[in-house]
Amino acid sequence: MSARRVTYAGARRLTIDTAEPAPPPPGHVRVDVAYTGICGTDLHIFHGDMDGRVDPPCVIGHEMSGRIAQVGPDVHDWRPGDHVTVMPLVSCRTCPACRAGHAHICHRLVFLGIDAAGSMQNTWTVPAAALVRLPRDLALDHAALVEPTAVAVHDVRRAELRPGEKAIVVGGGPIGLLIGIVARRSGADVLLVEPDPYRRSVAEGLGLTVADPSGAGIAAIVERWTGGAGAAVAFEVSGAAAGVATAVDSLATRGRMVQVAIHPVAREVSLHRFFWRELTLLGARLYDRADFETAVGLIAEGEIPARTLISRVEPLDRAAQAFAALESGAGVMKILVDCGANGKAGAR
């Protein structure tokens, strides 16, 4: 039976085509995809900003959940019907980063859904080593949030956030919101800064303290919140120059700034501020298997409000409309594409 898939065909062009799924080769499995989430990286691809890495036509998507349909030769730990998500990183295992234990930022990293075919299709063949097991009672639409939750887990871990510390999250999109939730769970006092009223309302509904940077001066808000000391940690998730300045200016002496957002252009940073307060800048890119497994546990235990974060679900044939809705930013947080293998366990 032919499988349907969403193909990026060039800037702002998506097509729906079909392909005959081949049996998985040795060491691989074929996964029937239930849901694929659309993230900021997918929007960058859609806009043509990543054509240096994405070679159209290419199937995109990497935030997913599904069930194993077929296992290839030499795969012994997985069976058809197993519920899985995919950690979409294929590392070379030989470069300096891999040898140092940082395979998630391999110098020759292949990111599935960017550098190779992704999950926005009915069925997807991936290396068995990329699979992460899901509890069978975890709804598959909720499980599509494992990958972005793993990003948040990794970011908070990079910050070495301690209970009682004040953490400011600059940017209240899905990743910023997840960072705020994970940071609060670790015992931090969290302030989320976001100009969009809808995103602030979602964060407030989840019990997070929020601030509007376009209203009263954010510096005064942070000063009151911290008693003049500044935040111990700032997560920059906005991807905007103003967000960088807010994160840096909000930090306490010896504070840590975690750079999460991908900035398309170079930004000015107040190095004098880093010198004056002895600040630390930490990059946070992707995740490792432990982050993924922690994320699965958080969603399965109900610590992540998946139902609140999923704004809408569109069928695969309406992927273009799903991208347009997310691009508009009008009252949406996370949009999923239903790739067909949802079944009873993944029904919403």
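**Basis.** I worked from a predicted model, in which local features need pLDDT of at least 70 and side-chain atom pairs count only at pLDDT 80 or more, while totals for chains, interfaces and linings use all residues. Residues are numbered from 1 along each chain as its sequence is written, and side-chain values use heavy atoms, with hydrogens and water left out.

**Backbone.** I kept in mind that most residues other than glycine have a negative phi, and that most peptide bonds are trans. I looked up the bond between Pro 56 and Pro 57 and found a cis peptide bond, with omega about 0°. Pro 57 sits in the loop between helix 1 (40–46) and strand 4 (58–59); helices (H or I, at least four residues) and strands (E, at least two) are DSSP runs, numbered from the N terminus.

I then turned to Glu 160, whose phi is positive, near 50°, and which belongs to the loop between helix 4 (146–159) and strand 11 (166–170). Glu 160 is exposed, at 59% relative accessible area, where exposed means over 50%, buried under 20% and partly exposed in between (1.4 Å probe, protein chains only).

Leu 286 also has a positive phi, near 65°, in the loop between strand 16 (280–283) and helix 10 (289–300), but Leu 286 is buried, at 16%.

**Cysteines.** I found zero disulfides in the structure, a disulfide being a pair of cysteine sulfur atoms within 2.5 Å. For Cys 95, the nearest cysteine sulfur is that of Cys 98, 3.6 Å away, and Cys 95 is buried at 1% relative accessibility. For Cys 339, the nearest cysteine sulfur is that of Cys 39, 14 Å away, and Cys 339 is buried at 2%.
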